[in-house]
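Q: Before we look at particular contacts, could you show me how to read salt bridges and chain interfaces in a model such as this one?

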There are 4 protein chains.
Amino acid sequence: MEIGIIGLGKMGGNMAERLRRAGHTVVGFDRSPQSSRDVDSLESLVGRLSAPRVVWVMVPAGDPTRATVQELGGLLSPGDVIIDGGNSRYTDDLVHAEELRAKQIGYVDAGVSGGVWGLENGYALMVGGSTEDVAKAQPVFDALKPEGEAGFVHAGPVGAGHFAKMVHNGIEYGLMQAYAEGYELLAATDVVTDVPGVLASWTQGTVIRSWLLDLLVRALEEDPDLAEITGYVDDSGEGRWTVEEAINHRVPMPAISAALYARFASRQDDSPAMKAVAALRNQFGGHAVRSVAKGEAEAPA
Amino acid sequence: MEIGIIGLGKMGGNMAERLRRAGHTVVGFDRSPQSSRDVDSLESLVGRLSAPRVVWVMVPAGDPTRATVQELGGLLSPGDVIIDGGNSRYTDDLVHAEELRAKQIGYVDAGVSGGVWGLENGYALMVGGSTEDVAKAQPVFDALKPEGEAGFVHAGPVGAGHFAKMVHNGIEYGLMQAYAEGYELLAATDVVTDVPGVLASWTQGTVIRSWLLDLLVRALEEDPDLAEITGYVDDSGEGRWTVEEAINHRVPMPAISAALYARFASRQDDSPAMKAVAALRNQFGGHAVRSVAKGEAEAPA
Amino acid sequence: MEIGIIGLGKMGGNMAERLRRAGHTVVGFDRSPQSSRDVDSLESLVGRLSAPRVVWVMVPAGDPTRATVQELGGLLSPGDVIIDGGNSRYTDDLVHAEELRAKQIGYVDAGVSGGVWGLENGYALMVGGSTEDVAKAQPVFDALKPEGEAGFVHAGPVGAGHFAKMVHNGIEYGLMQAYAEGYELLAATDVVTDVPGVLASWTQGTVIRSWLLDLLVRALEEDPDLAEITGYVDDSGEGRWTVEEAINHRVPMPAISAALYARFASRQDDSPAMKAVAALRNQFGGHAVRSVAKGEAEAPA
Amino acid sequence: MEIGIIGLGKMGGNMAERLRRAGHTVVGFDRSPQSSRDVDSLESLVGRLSAPRVVWVMVPAGDPTRATVQELGGLLSPGDVIIDGGNSRYTDDLVHAEELRAKQIGYVDAGVSGGVWGLENGYALMVGGSTEDVAKAQPVFDALKPEGEAGFVHAGPVGAGHFAKMVHNGIEYGLMQAYAEGYELLAATDVVTDVPGVLASWTQGTVIRSWLLDLLVRALEEDPDLAEITGYVDDSGEGRWTVEEAINHRVPMPAISAALYARFASRQDDSPAMKAVAALRNQFGGHAVRSVAKGEAEAPA
C-alpha cells in the first residue's frame, strides 16, 4: 500500500526503508532539505497519496508533532488516517483525535520500540485507535513489526498505544537501573575478578537473561571498565510521564522512580540537597565540610 | 565422571537427572528416606566414589550446608573437592575453604540459576575457587550448563561464585519489581483495554524483552487479572544480602532496595510505620483515622 | 480592619475566631446554613465590607475554590483583594490572578500551616502576591501568625505562597515517614523494651527533636502500641504535587517520594504489583503462592 | 560523685566540662599528651577513683572502643561499671557485657545526642543495662542530660541504649534528607524568590518546625545559596547499621535508605551504575554519551 512518512531521522528513515523492503510505496517528507525526502512539502506529500491516505508522523514529541498533526488536518480528507508514531504523551493523542474527528479524519497513536535495531529486527508496535482506523494501517504495522506472533498489539482506544509505550519505557528505566546497580556492586568488590565474564555468563540459562543484558555485555566487550564514558544520563520524557501517571493513579512506583531520580542526579554537577545536608551536619556536629574554595574536607572555623 | 550429590530436592534431584542424561555416574544422598537416594549416609556416598572425589552439596543455605560441609570434611581425602551449589552467602565460603584447606580438600562455590526449567534448558553456573579445583569439576559444570557459549563463568577465587549469584538475584528482584510496577500502572488505567495483550506484544522487538517477561505473559495467560493469587512475596535471603553488601561497599542501590522493601511490606498485615503516620496526621490535623474496631474512616473524638 | 471569610470549617472557623480575638471585624460566610455564618450569600458578604475589601477564601482546593474566586470576581470592585488561603495548587493561583487583573482586583495566595493548633498558637503563613496587595492584608496576616519573628513570609509573586506551602507539606511527608520507619524498627526489636519512653526521651536535647516528634509521643501516650488504629493513610494532594514539581524541575526526591508511595500502598487491600512478583516467582522457581481461595501459602500444582 | 572519662575530644572534653560544672569530680584520660588529660594512663585513672568506680569510655567506635573496654576489664574490680558512650554498634555491647560479666564488672551502653551544643544544652541520653548498673551512674546521667522531664531514658537491657541511638541517627538521616529535598525544589523554582525567608518563616507555627530546621536556617543566614560548600556528605556508620537492622528485622525502610544512598552517591566522582545506564542507552538507541575524553555530550561513532 501507499504510505506517507513525515520525519526521516534515525527512526523514521529506517522505518521507511523497512516498509520499502516489504514492498510498500513510501512517500517521505522531512523539514530538512538534506534528508532523503521524496517531496518538499506536506501538500506535495498529501498530493502524492491516493485516498484513503495513511500518513505516519515521526517527528519529535510535543510542539513539532502537534504542529504537524494540525497542518495535516487541514490538508487531508475524510476517511484518511494520521498515525503518530513518535514519543508523544498519550494526553496529546486525546486532543489530536478530538480535533480530527470533526473533520472525519482518523487518528491512531503508535508506540514504537526497537531503536536502531528495528530496521533489521522489526519494530515492536503498540497502537491505540478505533478498529476501523487501525485496520486501514494494518499492512504497514505488519511490515514494520518483527516476525512472529508478538511485537504488535492493538492496546485500546486512542491513547492506549502511547500509554503502553510510556509504561514500556518506564519499565525500561527500572530494568536498566537494576542491572546497573548490580554491575556497580560487582565492580566494587574484590571477590569477583571477572566482572564482564560474569555478565556474559548470565546471558544464557539464568532468570535475568534479556536483550538489555545482551547489550550491556556488548558494551563491556567494547570497554570492559566503562572507562571511556561518563555516568551522565539523559531522559526523553517517558520515564517522567510514567511516574506522573503512577502518581495520578495512586500506584506505588518506587523502583522506577529510583531509576528516574538516579538520572536526574547524574546530570547535576553538585547537589543542592546534599549541600544542605552537609551544612546541617556541620551545624549540629561540627562535621567537616568540603569547601568549594579548597576542594577538600576541612573542619569549619 | 563420578559425582556425589547431597540433597535431592527440587534442584538437586533435577541436576542429578541432567548429569545422568549426560552420561555421568551420580551417587545421590538425601536425609529423607523417601527421596530417590542411592545411599543412606554420607559415609556410603564417599565410599562409592573413586578419588579424587567431587561432591556437590545442594542443601539449604546456612546451618544445613555448614553441617554438611563440616561432616564431609571429616570423610573426604586430600585432593577431593567439595562444591557448594546452594544459595550460601559468600562469607560462608571463605570459612569453609579455610577449614578444608588444612585437610588439603578443595572447595568450589557454585551459584546456580535456572529454577525448575534447568533440567531441560541447563543451569547457569557462576563458580569461585582455584583453577585446579574448578578444573576437577569441569565436566560436571559442562553437563549442567546450557548449550552455547554462555551460562558458565569462573568468576574468581572462592566466594566469587556465590557473590555473583547473590548479585544476580538482587538484579532479579529489581527486574521483577520494574515489570510489576509497570503492570500495575497498566492495570490501573482505563486507557489500555488489553493489558495481557500489551505484555505479550512486548516479548518481541522491544527493548524490555526478557525471559522474565515471557514468564509474566505466561502467568497472565493462565490468570489474566492475577485474581487467583495474593500479593504476598517471600524472599530467600539473597536480595537482603545484596543490599547489605551494597551498604558495605557504599554502593547506592535504590531500585533493588525498593524491590526488597516491597516484599517486606507485602508480608505485613498492617504497617506499624503507617500506623505512626496515621497517628501523627490525626494529632496535628484532626485527620480521620481508621480505627481497628470499626474498620472504617472516622473522625477522632 | 474588616475582613470577609468564606468557608467556616475546621480551619476557616478557627481563623475567624483568632481574628476576632485580635480585634478585627470578621464577616463570615459558609454554604452551610448550619455554620456560624454572618451572612447568607457572597453578595451580602461583599455588601457588608467597606472598600478596599479583603476577602479570605478558605474552601476546599480545586473546583470549590475556583468557583468561589470566579464568583467573587464578579462582585468585588477595583482595588479589592482576594486571598486564597486554601490548599490550592500554585498553578491555579496564576490563573486566578490573571483573571482578576483585568478587573483590577488584587490576588494573594496564602499557604497556611498549623492545623487544629492554630487557633491558640497562631498560623504560619507563606504568601505570594504583589507588595501592594500583600500590604492591604498585612494586619490580617499579623493577627493570624504566631507571636515572634518567624511564622510569616512574603515568599514571592503570586503562586509563591502555595508553592512554599506545597513544599512544606512534601517535607512533612518525609519527616513523618522517617519517624515512622524508626518507630517501626524500634518496635520490631526485642532489645529496646520501652519504645514510647525512647521517643519521649528524644524530645529534649537530641538532634531530631521537633514538634512532630512531640505529637508522636502524645499519640503513644494515648495508645502505646498504636493498637487502636490501622495503618491506612490518606493524602491531601500536596505531597503528590511536590513530587510532580520535583519531576518538572528534575530534582531527585527519593525520600519524599518514598513517603508518598508508602501512603498509596497503605490504602491497597492487595498490591497488583506484588501479585505480579508472586506470579513470576511461581513461574520460574515453583515458589509457593498464596491463593486467594485458601488464604495461605501453598505449593502450586 | 567521681567519674573517669576516657577520650577528651570534641564530645568527651565537653562532657567532662559539663560534669565538672555540675560539681562532679572528673578524672580524664586521653591517648594524646596534647589533650587536657588529668592522668597519663588507664592505670592511673583507675587508681585515682574510689570503688565502686564508674568509667565513661568516649573514644571512636569499633577497635578503639573494643581495646579500651578490654584493657579496662583487666584493671577494674568487681562492682565497677564501664559506660560506653561512643557510637558503638549495639552488637558490640552484647560482647562487652558478656566478657565483663565473668569479672563481675558492670556494663552500660549510652547513646548520646546533642553534638557541639551539648555542653550548654545538655546531652540526650539513651542507656541500656541492668537496673543496678544504671543506678550507679545515675548522678552522671542527671548532670549530662538537658533540664526538664525528657532527654534521658533507660531503654532496656545492655544494647538498648546504642540501638536506640542508632535508630535516632537513622531518623536523623531521613529528616535531613526531607528538608534537603524540599530546599532543593524551592531553590529550583523561579516562583519562590526568597528561599531563606521561606525556611526561616517555617520555624514557628508550622507542622515541620524542628531543631534541624533552625540549624538549616542558620546555615542559610551564613551562606544564603550554600555557595561555599560542596554536596559531599560523609556518614559515620549508624545510618548504615540502621538500614542493616531494618533488613534483619524485615522492616521496610525506604526513606531512610534513600537518605543513606544519597550520601553514598554524593561521594562518588562518577557513578559506575550510571555509566552502565549510559552505555546501555547508547547500545540500543544510539543515544549520545559523554565521553571522558571530551567531557561533553556527543553522538557515538
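Predicted model: local features only at pLDDT ≥ 70, side-chain atom pairs only at ≥ 80, totals over all residues.

Q: Where do Asp63(A) and Arg66(A) lie, and how far apart are they in the helix?

A: Both are found in α3 of chain A (residues 63–75), with a spacing of three residues, about one turn of the helix, and their side chains meet in a salt bridge at 2.8 Å, N to O. To read the exposure of such a pair, one takes each partner separately, because exposed means over 50% relative accessible area and buried under 20%. Asp63(A), with a relative accessible area of 57%, is exposed, whereas Arg66(A), at 35%, is partly exposed.

Q: Which parts of chain D does the pair Asp235(D) and Arg267(D) tie together?

A: Here the question is how the partners are placed along the sequence. The side chains of Asp235(D) and Arg267(D) meet in a salt bridge at 2.9 Å, N to O; Asp235(D) sits in the loop between α9 (211–222) and α10 (238–248) of chain D, and Arg267(D) in the loop between α11 (254–266) and α12 (272–285), so the pair joins parts that are 32 residues apart in sequence. Asp235(D) counts as buried, at 8% relative accessibility.

Q: How many salt bridges are there over all chains, and how many between chain A and chain B?

A: The count over all chains is 52 salt bridges, and among the linked residues are Glu17(A), Arg21(A) and Glu120(A), which form a network. Between chain A and chain B the count is zero, although 20 residue pairs there are in polar contact, with both residues at pLDDT 80 or more.

Q: What, then, makes up the side of chain A that touches chain B?

A: By class, that side has 39 nonpolar, 24 polar and eight charged residues. The helix α7(A) gives the most to it, with 19 residues. In extent, 71 residues of chain A are in contact with 71 residues of chain B, and the two chains bury about 5500 Å² between them, 72% of it on carbon and sulfur atoms. Glu181(A), Leu185(A) and Val207(A) supply 13% of the area that chain A buries against chain B, more than any other three residues.

Q: What relation superposes chain D on chain A?

A: A rotation of 180° with 0.0 Å of shift along its axis does so, at an RMSD of 0.0 Å, and that is the relation of a two-fold axis.

Key. Residues numbered from 1 in each chain as written. Chains lettered and ligands numbered in written order. Heavy atoms only, no water. Contact = heavy atoms within 4.5 Å. Buried area = accessible area lost by both parts, 1.4 Å probe. Salt bridge = Lys/Arg side-chain N within 4 Å of Asp/Glu carboxyl O. Polar contact = N/O pair within 3.5 Å; in protein donor to acceptor, adjacent residues only side chain to side chain. Helix = DSSP H or I, 4+ residues; strand = E, 2+ residues; numbered from the N terminus. Nonpolar A, V, L, I, M, F, W, Y, C, P; charged D, E, K, R; others polar. Least-squares fit on C-alpha atoms with pLDDT ≥ 70 in both. Buried < 20%, exposed > 50% of the residue type's maximum accessible area, 1.4 Å probe, protein only.
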